[in-house]
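Hi everyone, thanks for coming. I'd like to walk you through a structure that may be new to you, so please have a look at it with me.

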Amino acid sequence: MLFSNYFRVKPLIHLEHLAARLESGVLDDGAYDYGNKCLLQLLGFTARDLSNLGKAIEPSRDDAAALTAYSQPA
């Protein structure tokens, strides 16, 4: 493991945007994409994996009970 790969890791990133940039092969050095990619690889995740985990599945607008439960804090 090379420390230089992790020197530039941005602590706050939009995972969906990072996943899209990584999938298209267009890394934004200003957004620290390479460092974030290396860190995710070390952890065994992809940006897409984590982005998908963070997406909420909204209930159907026709299901009033599910909408009420969805809107309640956990």
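Let's start with α1 and α2, which pack at an angle of about 95 degrees, their axes lying 11 Å apart. Angles of 65 to 115 degrees count as roughly perpendicular, and α1 and α2 are therefore roughly perpendicular to each other. Which residues make the contact? On the α1 side they are L18, R21 and L22, and α2 brings in D33, N36, K37 and L40. Sorted by type, the residues of this contact come out as 3 nonpolar, 1 polar and 3 charged. Please keep in mind that this is a predicted model.

Now let's stay with α2 for a moment. This helix covers residues 33-43, and its buried residues are D33, G35, N36, C38 and L40. What do the buried residues of α2 pack against? They have two partners: α1, residues 15-24, and α3, residues 47-53. If you follow the chain just past the end of α2, you reach G44, which takes a positive phi of about 85 degrees.

A56 is found in the loop between α3 and α4, the latter being residues 64-71. Is A56 buried or exposed? Exposed means over 50% relative accessible area, and A56, at 51%, therefore counts as exposed. Finally, look at A56 together with Y70: they are 14 residues apart along the chain, and their C-alpha atoms are separated by 9.4 Å.

That's my tour, and I'm happy to take questions.

How values were computed
Residues are numbered from 1 along each chain as its sequence is written. This is a predicted model: local features need pLDDT of at least 70, side-chain atom pairs count only at pLDDT 80 or more; totals for chains, interfaces and linings use all residues. Side-chain values use heavy atoms; hydrogens and water are left out. Buried means under 20% relative accessible area, exposed over 50%, partly exposed in between (1.4 Å probe, protein chains only). Helices (H or I, at least four residues) and strands (E, at least two) are DSSP runs, numbered from the N terminus. Contact means heavy atoms within 4.5 Å. Axes are lines fitted to C-alpha atoms, for helices over the stretch in contact, and angles run from 0 to 180 degrees between N-to-C directions. Angles under 35 degrees count as roughly parallel, over 145 as roughly antiparallel, 65 to 115 as roughly perpendicular and the rest as oblique. Ala, Val, Leu, Ile, Met, Phe, Trp, Tyr, Cys and Pro count as nonpolar, Asp, Glu, Lys and Arg as charged, and the others, Gly among them, as polar.
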